[in-house]
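I opened this notebook to record what I looked up in the structure shown below. The entries follow the order in which I consulted it.

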Amino acid sequence: MQAALFYAISAALLVSAGLVVTSRNIFHAALWLAVALFAVAALYVMLGAYFLAAVQVLIYIGAVVVLAIFVINLTRSVVGAPVTLSRRWVIPAALVSALTACLIAVALLRSGVPPGAVASTAPGAAPGAAPNAAGQDWTSALGRHLLGDFVIPFELVSVLLLAALIAAIAIVGKDREDEK
Amino acid sequence: MTGAPPSPGSISVAPITLSHYLLLAALLFCIGLYGAISRKNAIGILMALELVFNAVNITLVAAGRFRPAPDAVGQLFALFVIAAAAAESVLGLAIILAIYRRRVVVNADEMDLMKH
């Protein structure tokens with residue numbers, strides 16, 4: 001059951017990811033991106049990372065994809081007209097991608113990760129297992145880390161997001177004043 | 001997946017290991033890389049980059065989950081990656097929109113103002 005679910009989600013993820021990068025219509029590509037991101041959220045659920053799955057749906061599908069669709073609609077005059085996307089360097093891109101795949105495969109084989117030896121802690125074998133012996137679940141452990149030993153990166157990320165927000169307003173808003 | 005552990009009587013399927021997740025993430029990374037190189041549209045490039053980020057996140061979460069003593073640090077790193085990706089996406093789309101307003105281009109190879 002677990003394996004069948006994993007293969008189904010993986011197939012959906014890879015097919016939709018392929019359509020994201022090959023679709024001729026940029027709007028369709030954005031919608032396939034939402035499907036791919038949802039498949040990744042399903043993988044997080046399979047891995048027991050429920051909070052991360054919720055964050056994935058809220059941030060990625062709810063914010064990033066919607067933002068991308070907004071910008072797609074703002075940067076073309078006629079919304080309904082299919083934008084045929086030209087591609088460049090298809091052969092070199094495929095070559096670089098395949099070589100990277102080989103590189104990662106070699107690194108995977110040469111690393112100390114035993115191919116099947118980790119099955120004992122697979123999600124199916126230890127569903128929702130406590131991340132440590134204290135009997136916490138994953139989400140509370142995540143919260144403990146965020147407000148405990150990782151509190152400084154956590155605050156830095158909030159500064160980063162604030163800076164990005166102000167910068168985005170400055171970049172797009174200043175332009176509008178110039179047009180007046 | 002909070003169900004019971006696989007009962008001995010269930011059909012024996014090869015269990016999903018860390019290698020499965022790593023392989024899937026590698027494939028997703030390469031698909032995103034192909035898109036980032038071959039797309040001309042700048043929004044398309046950003047969307048391909050999101051696939052790359054997600055591949056990295058799958059690696060982090062799976063690696064954290066399959067450790068001998070699994071803890072939440074892998075999920076924590078993925079959370080930071082998501083925050084950084086959101087900031088990157090907002091800034092990238094804002095820059096694309098600003099360039100489009102000034103020069104009416106969305107293709108990355110036509111944004112050559114700094115070349116001349």
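**Entry 1: Chain A overall**

I began with burial and found that buried residues make up 27% of the 180 residues in chain A. I note at the outset that the model is a predicted one. For secondary structure, I recorded six helices and zero strands in chain A. Along the sequence, the pattern of chain A reads α-α-α-α-α-α. I then looked at contacts in chain A with a separation of 6 or more, and 52% of these come from residues 24 or more positions apart.

**Entry 2: Chain B overall**

I repeated the look-up for chain B, where buried residues make up 53% of the 116 residues. Chain B has three helices and zero strands, and its pattern along the sequence is α-α-α. Of the contacts in chain B between residues at least 6 apart in sequence, I found that 49% join residues at least 24 apart.

**Entry 3: The interface**

I next asked how many residues of chain B are in contact with chain A. The count is 70 residues of chain B, against 81 residues of chain A. On the chain B side, the elements that contribute two or more residues are helix H1 (18-38), helix H2 (42-65) and helix H3 (73-103). H3(B) supplies the largest share of that side, with 23 residues.

**Entry 4: H2(A) against H2(B)**

I recorded the pair by angle and distance, since two packed helices are described by the angle between their axes and the distance between the axes. The axes of helix H2 (residues 26-46) of chain A and H2(B) come within 11 Å and cross at roughly 5°. An angle under 35 degrees counts as roughly parallel, and H2(A) and H2(B) are therefore roughly parallel to each other. From H2(A), the residues that make the contact include A:Ile26, A:Leu33, A:Leu37, A:Val40 and A:Tyr44. From H2(B), I noted B:Met47, B:Glu50, B:Leu51, B:Asn54 and B:Ile58 among them. By class, the contact of H2(A) with H2(B) comprises 14 nonpolar, two polar and one charged residues.

**Entry 5: H1(A)**

I turned to helix H1 (residues 2-22) of chain A, which has 21 residues. From its first C-alpha to its last, H1(A) reaches 30 Å, close to the 30 Å expected at 1.5 Å a residue. Which residues of H1(A) are buried? I listed A:Phe6, A:Ser10, A:Leu13, A:Ser16, A:Ala17, A:Val20 and A:Val21. These residues cover an arc of only 145° around the axis, which puts them on the same side of H1(A). On the other side of H1(A), I found A:Ala4, A:Ala8 and A:Ala11 exposed. I also looked up what covers the buried residues of H1(A), and the cover includes H2 of chain A together with H1 and H2 of chain B.

**Entry 6: A:Gly62**

Is A:Gly62 buried, exposed or partly exposed? With 14 C-beta neighbours inside 10 Å, A:Gly62 counts as partly exposed, because a residue is buried at 20 or more such neighbours and exposed at 12 or fewer. I also took the C-alpha to C-alpha distance from A:Gly62 to A:Ala98, which is 32 Å for a sequence separation of 36 residues.

Note on methods
Residues are numbered from 1 along each chain as its sequence is written. Chains are lettered from A and ligands numbered from 1 in the order in which they are written. This is a predicted model: local features need pLDDT of at least 70, side-chain atom pairs count only at pLDDT 80 or more; totals for chains, interfaces and linings use all residues. Two residues are in contact if their C-beta atoms, placed from the backbone, lie within 7 Å. Helices (H or I, at least four residues) and strands (E, at least two) are DSSP runs, numbered from the N terminus. Axes are lines fitted to C-alpha atoms, for helices over the stretch in contact, and angles run from 0 to 180 degrees between N-to-C directions. Angles under 35 degrees count as roughly parallel, over 145 as roughly antiparallel, 65 to 115 as roughly perpendicular and the rest as oblique. Ala, Val, Leu, Ile, Met, Phe, Trp, Tyr, Cys and Pro count as nonpolar, Asp, Glu, Lys and Arg as charged, and the others, Gly among them, as polar. The expected span of a helix is 1.5 Å times one less than its number of residues. The arc is that of the directions from the helix axis to the C-beta atoms.
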